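User: I have a model open and would like to go through it with you. Could we begin once it is on screen?
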Amino acid sequence: MPASIPDKMKAAALDRFGGPEVLGIKTVSVPTCGDDEILVRVAAAGIGAWDWMEREGQMAEMIPGGPKFPYVPGADGAGEVAAVGKNVKNLKLGDQVYGSAFMSSKGGFYAEYVAVKENQAAKVPKGLKVEQAAVLAADGLTGLLGLEEHLQLKSGQKLLIFGASGGIGHIALQLAKRLGANVLAVASGQDGVELARRLGADAVAEGHQEDLEKVCRDFAPDGFDAALVLARGDAAEPLLRSVRKGGRIAFPNGVEPAPKGPEGVETKAYDGIPTPQVMKRLNELIEAGPFHLEIGRLYALEEAAKAQQEVLKHHLGKYAMKIQ
């Protein structure tokens, strides 16, 4: 290993699963870099709305070989390549990258260094700062997979995005416009409505306003071709009746309660799984013109526990954590 990589690093880690109080700053070993991995010097990490579930141990059975303590969470982030494994072909030392370490047995992005599989990392798209790219491997990919793979969205189609001002939603809104869709964005709060409008939605409604069903009918008199549900499924259900027969509804696993679609409409849950093809496609779409990533707040590493709690309250876009 080059001398510039230390043996030890600072991380927000847990010694046991539990409440926010178990997450604190620790000195841990820098992970080893496998043959098919890159070692990333982390600049920023994404804060996921699911991070508290990971902290409480609700996802422990998803970790290959089971959890090891001290346990470093953090599904996604971005930084600079500090080392490469011998089978790594497309990334090199010094590249600015973003990637996923979701449920990695070597630990996540809440640390100064993280080992990431090459096929779960990509270069930071042109035009984005590294701390903005920190949120792409979870929210960006989840948005894109929902639109293209699961909703099979085509140019000219009418799309409903429920939860358009959140992390996934505000990215999906811009991607849907790049794909040529007509988008009705349902956002949270007046600030959310303003963000969705600024990002180019064809029409915007506030999620708590009275006449949402009428707004849907007016926007899509013949019904929506597709709907992406990113917030409470029960609140979305009355609006999903506006999806036409033969249309599609998709929502990422973790949206609770899960939405039920009307009869004759395929409703599917999915996971935002990173692959080189999807990351390449995401980068192409982002680089096709000005793209805005709303980082609602940038926390310090020492504020990790606070960030995990505050991400569950109303906010715009995505929260991130500056590591170094």
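User: Which residues are buried in helix 8?
Analyst: In helix 8, the buried residues are Val278, Met279, Leu282, Asn283, Leu285 and Ile286. Buried means under 20% relative accessible area, exposed over 50%, and partly exposed in between, with a 1.4 Å probe and protein chains only. Helices (H or I, at least four residues) and strands (E, at least two) are DSSP runs, numbered from the N terminus. This is a predicted model, in which local features need pLDDT of at least 70 and side-chain atom pairs count only at pLDDT 80 or more, while totals for chains, interfaces and linings use all residues. Residues are numbered from 1 along each chain as its sequence is written, and side-chain values use heavy atoms, with hydrogens and water left out.

User: Where do those buried residues of helix 8 sit around the axis?
Analyst: The buried residues Val278, Met279, Leu282, Asn283, Leu285 and Ile286 cover an arc of only 165 degrees around the axis, which puts them on the same side of helix 8. The arc is that of the directions from the helix axis to the C-beta atoms. An α-helix has 3.6 residues a turn, so residues three or four places apart point the same way.

User: Which exposed residues are on the face turned away?
Analyst: Gln277 and Lys280 are the exposed residues carried by the face of helix 8 turned away from its buried side.

User: And what covers the buried residues?
Analyst: The cover includes strand 5 (96-100), strand 7 (121-123), helix 3 (136-150) and helix 4.

User: Is strand 5 itself enclosed or open?
Analyst: Strand 5 is largely enclosed by the rest of the structure, because four of its five residues are buried. Strand 5 pairs in the antiparallel sense with strand 4 (residues 76-84) over five bridges, and also with strand 7 in the antiparallel sense, over three bridges. Two strands pair if DSSP finds at least two bridges between them. Asp76 has Ser100 of strand 5 as its bridge partner, while Val97 has Lys123 of strand 7.

User: Changing topic: what does Glu37 touch?
Analyst: Not counting residues up to four places away in sequence, Glu37 touches Thr32, Val84, Gly85, Val88, Lys106, Ala115, Val116, Lys117 and Glu118. Glu37 belongs to strand 3 (residues 37-47), and at 6% relative accessibility it counts as buried.

User: Which side chain makes a polar contact with Glu37?
Analyst: The side chain of Lys106 does, at 2.6 Å. A polar contact is a pair of N or O atoms within 3.5 Å; within protein, one must be able to donate a hydrogen and the other to accept it, and residues adjacent in sequence count only if both atoms are side-chain atoms.

User: What is the strand order in the open sheet of six strands?
Analyst: The order is 10-9-8-11-12-13, with parallel pairing. The edge strands, strand 10 (203-206) and strand 13 (266-270), each pair on one side only. Within this sheet, strand 8 (residues 158-162) and strand 11 (residues 224-229) run parallel and are joined by four bridges. Leu160 has Ala227 of strand 11 as its bridge partner.

User: Which strands does helix 5 lie across?
Analyst: Helix 5 (residues 189-198) lies across strand 9 and strand 10, running at about 170 degrees to strand 10. Helix 4 (residues 167-178) lies across strand 8, strand 9 (182-187), strand 11 and strand 12 (243-252), and it runs at about 170 degrees to strand 9. Axes are lines fitted to C-alpha atoms, for helices over the stretch in contact, and angles run from 0 to 180 degrees between N-to-C directions.

User: What is phi of Met103?
Analyst: Phi of Met103 is near 60 degrees, a positive value in a residue other than glycine. Most residues other than glycine have a negative phi, and most peptide bonds are trans. Met103 lies in the loop between strand 5 and strand 6 (113-117) and counts as buried at 7% relative accessibility.

How values were computed:
Contact = heavy atoms within 4.5 Å.
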